[in-house]
Amino acid sequence: MSCTGYAKVAHTIHMSALGLPGYHLHAAYAGDWQLSPTEVFPTVVGDMDSSGSLNAQVLLLLAERLRAKAVFQTQQAKFLTWQFDGEYRGDDYTATLTLGNPDLIGESVIMVAHFLQSLTHRLVLGGELVYHRRPGEEGAILTLAGKYSAVHWVATLNVGSGGAHASYYHKANEQVQVGVEFEANTRLQDTTFSFGYHLTLPQANMVFRGLVDSNWCVGAVLEKKMPPLPVTLALGAFLNHWRNRFHCGFSITVG
């Protein structure tokens, strides 16, 4: 439901055999300053459930190149998360600083700093520094990152003291897209490999998405649009062979 040209309100009712039913009220406001099809400032988004828990975020454009974001999460009347982000976009680089749950009284904070530099129009290199502090504990993790973008494929690589992560995405044509991902965690001594695909059938108004990984997990989602009605039907299933768990469900989206 659209209240004005910039504000929207939505209602969601969730029913599941695994838990209690729930209700969510979703509200969003978008300003009139649009820099791109996906960037509108200011933007305020909030979601509240039937227990009074709130998830909200605010996006602001402080200057032409400087963006700010604030995220808040509560569990009923108790604050769980408060996070503040600042991003500066240069001509060929991007710098981001994130503060998570800063507490001056308790002397605790999580700080994440990103820096990405475009060496060419296809190659981007950068790094991430994660610093955390709380009484009796302090540490930092440095990760180096790289990304190469071609016409029909994208490859990424992240390497740090905590492990490594590599991914490859390929767009075969307008209907078929595939991707692979590899992740190694040195702290947990765990390695995971996964493969995913995205298949679009425009004549049938259908989209297939699937995933399989080395932990014997298989998942798939089918989305079907129902023109001329503004209705989308989605069917999904997830199977974990290792833990012998199976989940399935469906959703109906109007709008």
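Student: What does the chain average in pLDDT?

Tutor: This is a predicted model, and pLDDT tells you the predictor's confidence in each residue. Here the protein chain averages 91, and 97% of the residues score at least 70. Take care with residues 1-5, where the pLDDT is below 50. Beyond near neighbours in sequence, that stretch has five contacts in the model.

Student: Thanks! Next, how many disulfides does the structure hold?

Tutor: In general, a disulfide is a covalent bond between the sulfur atoms of two cysteines. This structure holds zero disulfides. For Cys217, the nearest cysteine sulfur is that of Cys248, 16 Å away.

Student: Is Cys217 buried or exposed? And what about Cys248?

Tutor: Cys217 has a relative accessible area of 10%, so it is buried. Cys248, with 60% relative accessibility, counts as exposed.

Student: Now the surface. Which residues form the nonpolar patch?

Tutor: Look for Phe182, Phe193, Phe195, Tyr197, Val212 and Val218, which together have about 490 Å² of accessible area.

Student: Which strand gives the most to the patch?

Tutor: That is strand 14, residues 190-201, with three residues. Phe195 is in strand 14.

Student: How does Phe195 count in terms of accessibility?

Tutor: Its relative accessibility is 33%, so Phe195 counts as partly exposed; that class lies between the 20% limit for buried and the 50% limit for exposed.

Definitions and conventions
Residues numbered from 1 in each chain as written. Predicted model: local features only at pLDDT ≥ 70, side-chain atom pairs only at ≥ 80, totals over all residues. Heavy atoms only, no water. Disulfide = S-S within 2.5 Å. Buried < 20%, exposed > 50% of the residue type's maximum accessible area, 1.4 Å probe, protein only. pLDDT = per-residue confidence, 0-100. Contact = heavy atoms within 4.5 Å. Patch = residues over 30% accessible without salt bridge, like charges linked within 9 Å, V, L, I, M, F, W, Y side chains within 5 Å. Areas by Shrake-Rupley, 256 points an atom, 1.4 Å probe, with all protein chains shown as cover. Salt bridge = Lys/Arg side-chain N within 4 Å of Asp/Glu carboxyl O. Helix = DSSP H or I, 4+ residues; strand = E, 2+ residues; numbered from the N terminus.
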